[in-house]
Amino acid sequence: MKAPLDLDQLQTFISIADTGSFTRAAEEVHRTQSAVSMQMRRLEERIGKPLFEKDGRTNKLTEEGDKLLSYARRLLYLNRETLAAFDDRRLEGTIRIGTPDDYADRFLPEIMARFTRSNPRVELTVICEPTPGLVEHIKRGNLDLALVTHNDTRGQSEVVRREPLLWVTSANHATHEQETLPMAFGRPNCIWRRAAVDVLDRQNRDYRILFTSFSATVITAAVLSGLAISVLPECALRPGMRVLGEADGFGALPDCRIGIMRGQTSRPEIVDALARHISESLDNISVPTGEETGTFDFAALAFSKMKRTKPNQILPGW
């Protein structure tokens, strides 16, 4: 029977993958660079495959290294979860978290499952509001942490995920072929709405805003019913939607950046723990590719390895 993998080596391996540098990884894991190099040689011997290749001045993962990375993250997470289960000093208390409802629908199941398993004595209080409202809650001390759409002018947030912002329509209707485009957007202060309107105006496209709502459920319903076109981040795509691109006359949109905002709290250790779980969860969540059939398995692939949704791609209907 082969010996088990060394968790310290896996932690160093993850640090190198995240930083792209043996030197920076050595600083993170508090080891010398020579010690880090020795760890990786032993790990490669243990795996029996090369894990790194040089890409200029950075160290790039090989295909086998990329494969190991997802396993390494899961093993380190399970190790932390196991130790937490036997820690008499486990975190206790209540934490208040806010998120827009489209992120809640997509991300909260994974986040809550991870965090609750590791911290069963912490009570989560969750509110769902659009990002501008969540920013105000943070400023007023009503929230400890918020998952928001990052906006450089709105305040500081730590970006933990980037996704394409996409034009979407119904796969079963020709809504996008109408002379005057019917649109469904969030409220006027929504940055996705402003980005979409800017593109339409630059292209001199005729449009009218038919639906305005801060609810992602309402926007999604308007799109799927063929009543309107909208813009959504890749994570919010639903079966029965079609992605529109430049070939359809729709210009490129800026990326959607998802970030974490922290409020003033007397329990920073709980906030730090939840922020870490959010970052790990979002790194591990994939999105529907449109090549799958039936029910999507959102957790089947790591986000970094999924195939990008392409214009004109139709997601299978309900």
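Contact here means heavy atoms within 4.5 Å. The structure is a predicted model, in which local features need pLDDT of at least 70 and side-chain atom pairs count only at pLDDT 80 or more, while totals for chains, interfaces and linings use all residues. Residues are numbered from 1 along each chain as its sequence is written, and side-chain values use heavy atoms, with hydrogens and water left out.

**Helices H1 and H2**

- Helix H1 (residues 7-19) and helix H2 (residues 22-29) have axes that come within 8 Å and cross at roughly 130°, where helices are DSSP runs of H or I with at least four residues, and strands are runs of E with at least two.
- The two helices H1 and H2 are therefore oblique to each other, a class left for angles that are not under 35 degrees (roughly parallel), over 145 (roughly antiparallel) or 65 to 115 (roughly perpendicular).
- On the H1 side, Gln11, Thr12, Ser15, Ile16 and Thr19 take part in the contact, and they meet Phe22, Arg24, Ala25, Glu28 and Val29 of H2.
- Sorted by class, this contact of H1 with H2 has four nonpolar, four polar and two charged residues.

- Thr220 belongs to helix H8, which spans residues 216-224, and counts as buried because its relative accessibility is 16%, the cut-off for buried being under 20% with a 1.4 Å probe and protein chains only.
- When neighbours within four places in sequence are left aside, Thr220 is in contact with Arg238 and Met241.

**An annotated segment**

- An unreviewed UniProt entry annotates residues 209-232 as "transmembrane region", and such annotations may be inferred rather than shown by experiment.
- In the model, residues 209-232 are 38% helix and 29% strand, with the end C-alpha atoms 16 Å apart.

Note on methods
Axes fitted to C-alpha atoms, helices over the stretch in contact; angles between N-to-C directions. Nonpolar A, V, L, I, M, F, W, Y, C, P; charged D, E, K, R; others polar. Buried < 20%, exposed > 50% of the residue type's maximum accessible area, 1.4 Å probe, protein only.
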